[in-house]
Amino acid sequence: MSASTPYVLPFMGITPAIAGPIAHAGRGSAVLGRVTLGRNAWLGALSVIRADGHFVKVGDDFYLGPRSTLHIFHEILPCIVGDRVAVGRNACVHACTVGSDIAIGDGVVILDGATVDDNVVIEAGSTVFPNKHVPGGFLYAGSPARPVRALEPGEVLARREAIMGVADENTVEDQPPAVGGDAHIDRSAFIASTAVVTGRLVAAESSSVWFSNRLDAGRATITVGARTNIQDNTTIRCPAGTGVTIGEESTVGHNVIINDCVIGNRTLIGIGSTVAPGSTIGDRVLLAAAARTKEGQVLESGWLYAGNPARKFAPLDDAKQALTALIVRQYCQYAQEFAALERAAAGSRSRARG
């Protein structure tokens with residue numbers, strides 16, 4: 001992957017359509033599946049645009065910061081982005097519609113079904129909740145994002161230029177997906193080619209570790225249960241040395257940060273959330289997008305938690321438990337398909353070299 005070519009894979013026989021030329025593609029950046037990308041795109045290191053269950057359509061002069069993610073919601077919602085949009089670092093734009101002339105700050109999460117009108121600035125660290133309408137002409141901040149004030153003339157352009165002026169984090173470790181003779185990765189597990197894993201990983205049957213993930217077990221062990229998925233641009237690390245254990249049939253969303261902890265079975269860790277060291281998260285828990293646990297916090301089984309710090313909101317109803325199960329089933333299918341695509345791509349590269 002050169003500084004001008006992202007990692008590209010088709011999905012369901014559809015190859016990304018890139019108007020080109022791409023202005024920049026940082027190392028480890030990936031454009032996957034049913035993506036239409038406009039002219040003059042700038043893709044930061046480890047950024048991911050993935051369109052599997054639905055399509056992603058992005059306009060001209062798009063900037064996607066390092067470790068940021070664009071994705072869809074299965075066959076239900078696409079991700080549509082207009083012209084002259086800049087997205088900062090470690091942000092996630094998910095299954096929503098974003099207009100033109102927009103500046104999206106570092107760490108922002110825009111969730112499923114949201115609509116962002118033209119001419120908007122969203123401050124770093126903000127969250128646009130599902131199905132929310134964000135009218136144009138305002139600066140937004142907070143979680144949930146709320147209008148702070150009307151924009152001044154030229155402010156969107158200035159904010160976009162400020163986001164685009166940050167140097168690319170153009171460092172990706174050159175190493176195989178799993179390191180260490182004591183690693184145990186089931187043959188049916190999927191470890192994406194742009195994921196980086198250091199230390200001991202135990203990945204069970206049909207588990208998956210997705211694009212641009214960074215898993216660092218240090219001297220401990222990261223254990224991923226059967227049929228559990230760790231989605232794009234998530235970071236898992238074990239600085240305390242006690243390790244991370246994630247149970248079966250659980251989902252860890254995009255752009256999550258997880259430290260030494262225990263996560264139960266059939267649990268969903270929402271997009272852009274943070275799990276603090278020593279946390280214990282029970283079975284059938286939904287930790288909402290952008291939520292943060294406290295160090296040593298215990299999240300009881302069967303509950304929805306949200307906020308910073310995470311607070312118990314309501315018992316987890318049947319619809320939310322069904323959503324977790326749907327995501328698990330869908331990701332097991334996606335993983336099989338992407339594993340086959342990556343094997344085919346690796347075979348093509350090997351034949352070309354030969």
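**Exercise 1: strands side by side**

Ile230 stands opposite Val252 in strand E29. Before going on, note that this is a predicted model, where local features need pLDDT of at least 70, side-chain atom pairs count only at pLDDT 80 or more, and totals for chains, interfaces and linings use all residues. Residues are numbered from 1 along each chain as its sequence is written, and side-chain values use heavy atoms, with hydrogens and water left out.

Task: find which strands E26 and E29 are, and how they pair.

Solution. Start with the ranges: E26 covers residues 229-230 and E29 covers residues 251-252. (Strands, E, at least two residues, and helices, H or I, at least four, are DSSP runs numbered from the N terminus.) Next, the pairing: E26 and E29 run in the parallel sense over 2 bridges. (Two strands pair if DSSP finds at least two bridges between them.) Now zoom out: an open sheet of 8 strands has the order E22-E24-E26-E29-E32-E35-E37-E38, with mixed pairing. Its edge strands, E22 (190-191) and E38 (311-315), each pair on one side only.

**Exercise 2: an enclosed strand**

Task: say how many residues of strand E4 are buried, and which strands pair with E4.

Solution. Count first: 6 of the 8 residues of E4 (residues 30-37) are buried, so E4 is largely enclosed by the rest of the structure. (Buried means under 20% relative accessible area, exposed over 50%, partly exposed in between, with a 1.4 Å probe and protein chains only.) Then go through partners. E1 (residues 7-9) runs parallel to E4, joined by 3 bridges, and Leu9 has Leu32 as its bridge partner. E2 (residues 17-18) is parallel to E4 over 2 bridges, with Ala17 opposite Thr36. E6 (residues 48-58) is parallel to E4 over 7 bridges, and here Val35 stands opposite Val56.

**Exercise 3: the nonpolar core**

Task: name the residues that touch the most other members of the largest nonpolar core.

Solution. This core has 57 residues, and the ones you want are Phe62, Leu70, Val93, Val98, Ile104, Ile110 and Phe211. (A nonpolar core is a set of buried Ala, Val, Leu, Ile, Met, Phe, Trp, Tyr and Cys residues joined through side-chain atoms within 4.5 Å.) Helix H2 (residues 318-353) supplies the largest share, 7 residues. Apart from this core lies another, of 31 residues, including Val252 and Ile269. As background, nonpolar side chains tend to be buried together in soluble globular proteins.
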